[in-house]
Amino acid sequence: MQEIHITSKEEGQRLYKILEKYLSQAPSSFLYKMLRKKNIKLNGKKADGKEKVQENDVITLFLSDETIEKFQKKEEMLTPSTQSLADLNRNIIFEDEDIILFNKPAGILSQKAAKEDISLNEQMISYCLERGYVTKEELKIRKPSVANRLDRNTTGLIAAGISIKGLTFLSELFRNRNLEKYYFTIVKGEMKQGMSLKGYLSKDCAINQVKVHKTKEKDTDVYIETGYEPIKRNQGYTLLKVKLVTGKPHQIRAHLAYAGYPILGDEKYGNHKENLYWKKEMGLRYQLLHSGILIFPKLSGQWEKYSGKRFEAPKPEQFLMIEQKIFGKDG
């Protein structure tokens, strides 16, 4: 027999989801059978798995240690280097017991794409272990996780949930588009006035590339909307502040290229000649796209402490150097 004690950081999950994590190798038929036979109980009572657990709840597994061990995943978590954790610590914009905001550097995945990857998500879990936000035992039923993603070479703000309620809160805000998200980028071409671009996006999964269309061509095409505001113009370039209305993969990069304003350094959607020049001139090897501002909506209740909060992530040094070279020190 084993017991799982629920804390405030795990509450809000459905019982079945916790069992799925704790006995991750068990088939769903086994979990439901154990619930039906009352070999798994919630607070000493029969449960069907749909219950949302609360703080101080106790899940009792009337199973042998051998059975539990059999159905628990034997996986060693890849450990980030001391240097990467130190870099992560320097890039924290905000943290409390529920959420954490990072300024992601270029070259790091938000979440792992392959088993051997160590992404920002893995770094963040290790950081939470060091800080005592989660224990190794708690990782069996709750893992801190990022709530939004950026492309590997896009820099800037990423939000993560430490507690389940924090992750759910952030995920709902992103899903319902209640967070204001602003990016900064430098493009080829002088944009003289702001614009709002609307269209449809299709994706070629084989080459991980998207295309923008003026009208919907296929049922799989998704609607996109992006707002652009020129901040500085000079020498045939524009520094843009971008408002992301919808948030689809590669949306800003593809939308700007479609409009005739390719992002500097963007090898997939940008201008090859321009990219070669900036690579030679300034060593630029990734797209100059930075998620710089995140603004929370008006909130009440348990999340009132974040109401209207504005968070900013400083631009990378290379972005600032190229910005100065094009637009001058005083812009």
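**Strand pairing and a buried loop residue**

In the predicted model, Ile-100 stands opposite Ala-160, a residue of strand E8. This pair belongs to the antiparallel pairing of strand E6, which comprises residues 99-104, with E8, a pairing that extends over six bridges. Strand E8 itself spans residues 155-161 and is mostly covered, since seven of its seven residues are buried.

Strand E8 also pairs with other strands. Strand E7, formed by residues 145-146, runs antiparallel to E8 and is joined to it by two bridges, and here Ser-145 is found opposite Gly-161 of E8. The pairing of E8 with strand E14, which covers residues 289-295, is instead parallel and is made over two bridges; within this pairing, Gly-156 has Ser-291 of E14 as its bridge partner. As a general point, the side chains of a regular strand alternate between the two faces of the sheet.

Another part of the model contains an open sheet of four strands, in which the order is E1-E4-E2-E3 and the pairing is antiparallel. Strand E1 (2-5) and strand E3 (45-46) stand at the edges of this sheet, and because each has a single partner strand, one side of each is left without a neighbour in the sheet. The partner of E3 is strand E2, made up of residues 40-42, and these two antiparallel strands are joined by two bridges, with Lys-41 standing opposite Lys-46 in E3. Helix H1, which consists of residues 15-22, packs on the sheet and touches E1, E2 and strand E4 (58-61), while the direction of the helix makes about 50° with that of E4.

The loop between E1 and H1 contains Gln-13. This residue counts as buried because its relative accessibility is 6%, which lies under the 20% limit that defines a buried residue. When neighbours within four places in sequence are left aside, Gln-13 is in contact with Ile-18, Lys-21, Glu-51, Lys-52, Val-53, Ile-141 and Ile-164.

How values were computed. Residues numbered from 1 in each chain as written. Predicted model: local features only at pLDDT ≥ 70, side-chain atom pairs only at ≥ 80, totals over all residues. Heavy atoms only, no water. Pairing = 2+ DSSP bridges. Contact = heavy atoms within 4.5 Å. Axes fitted to C-alpha atoms, helices over the stretch in contact; angles between N-to-C directions. Buried < 20%, exposed > 50% of the residue type's maximum accessible area, 1.4 Å probe, protein only.
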